[in-house]
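Subject: Structure handover

Hello,

Here is the structure I said I would pass on. My notes on what was found in it follow below.

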Amino acid sequence: MVHAQFDATARQDLAAKAVAAKTRKDVSWQQIADAAGLSVAFATAAVLGQHALPEASAVAVAELLGLDEDDAALLQTIPTRGSIPGGIPTDPTIYRFHEMLQVYGTTLKALVHEQFGDGIISAINFRLDVKKVADPEGGERAVITLDGKYLPTKPF
């Protein structure tokens with residue numbers, strides 16, 4: 001049976017416990033994703049409390065991290081989503097994404113609507129990828145791909 005959380009606290013507590021176990025066992029997010037049989041972005045989001053894991057994935061992740069049966073069950077519950085409390089984020093990495101949307105949000109909206117029409121980009125039917133690439137000018141660059149299904153607005 002599918003269960004849902006209506007208070008984010010339980011999943012937040014489990015996320016903290018899972019990250020502590022990840023650190024203690026020196027396991028990467030990719031290793032967790034491999035155990036789950038899912039993409040690294042989805043598995044990471046799930047362990048951090050933003051997605052439910054399928055049963056086999058939840059059991060495998062719990063086993064890898066040394067979590068108990070109750071934790072594996074909780075990893076399968078549909079969470080109350082939203083990992084950033086209200087207001088402007090203070091973590092520098094998260095703030096930069098906020099800043100990017102402040103600067104480019106209206107540009108993205110204009111381009112999406114011009115190319116697709118009135119609608120939204122789904123965060124449910126969605127893929128995320130993060131890659132590190134060499135910068136031709138020296139150093140490294142982050143390539144972040146947000147790949148969401150376009151959902152048109154339907155008049156009724």
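Helices and strands here are DSSP runs numbered from the N terminus (helices are H or I with at least four residues, strands are E with at least two). The largest share of the patch, 6 residues, belongs to α6.

Before the rest, some notes on the source. This is a predicted model, in which local features need pLDDT of at least 70 and side-chain atom pairs count only at pLDDT 80 or more, while totals for chains, interfaces and linings use all residues. Residues are numbered from 1 along each chain as its sequence is written, and side-chain values use heavy atoms, with hydrogens and water left out.

Overall layout

The protein has 6 helices and 2 strands, in the order α-α-α-α-α-α-β-β along the sequence. Its C-alpha atoms fill a box of roughly 55 × 50 × 30 Å along the principal axes. Of its 156 residues, 25% count as buried. Buried means under 20% relative accessible area, exposed means over 50%, and partly exposed is in between (1.4 Å probe, protein chains only).

The nonpolar patch

The patch lies on the surface and is formed by Phe97, Met100, Leu101, Val103, Tyr104, Leu108, Phe126, Leu128, Val130, Ile144 and Leu146, with about 1,100 Å² of accessible area together. Patch residues have over 30% relative accessible area and no salt bridge; nonpolar side chains (Val, Leu, Ile, Met, Phe, Trp, Tyr) are joined within 5 Å, and like charges within 9 Å. Areas come from the Shrake-Rupley method with a 1.4 Å probe, and for residues only the protein chains shown count as cover. Leu146 is in strand β2, and it counts as exposed because its relative accessibility is 62%.

Helix packing

Helix α2 (residues 29-36) packs against helix α4 (residues 55-65) at an angle of about 135°, and their axes are 8 Å apart. That makes α2 oblique to α4. Axes are lines fitted to C-alpha atoms, for helices over the stretch in contact, and angles run from 0 to 180 degrees between N-to-C directions. Angles under 35 degrees are roughly parallel, over 145 roughly antiparallel, 65 to 115 roughly perpendicular, and the rest oblique. The crossing of α2 and α4 is right-handed; a crossing is right-handed if the near helix is turned clockwise from the far one by less than a right angle, and left-handed if anticlockwise.

Salt bridges

A salt bridge is a side-chain nitrogen of Lys or Arg within 4 Å of a carboxyl oxygen of Asp or Glu. The count by this rule is 7. One of them joins the side chains of Asp68 and Lys17 (4.0 Å, N to O). This pair links distant parts of the chain, 51 residues apart: Asp68 is in the loop between α4 and α5 (69-75), and Lys17 is in helix α1 (residues 9-25). Asp68 is partly exposed at 38% relative accessible area, and Lys17 is partly exposed at 38% relative accessibility. Lys17, Asp68 and Asp71 are linked in a salt-bridge network.

Another salt bridge pairs Asp129 with Lys131 (2.5 Å, N to O). Asp129 is partly exposed at 29%, and Lys131 is partly exposed at 47%. A further salt bridge connects Asp135 and Arg141 (3.3 Å, N to O). Here Asp135 is buried, at 15%, whereas Arg141 is partly exposed, at 48%.

Regards
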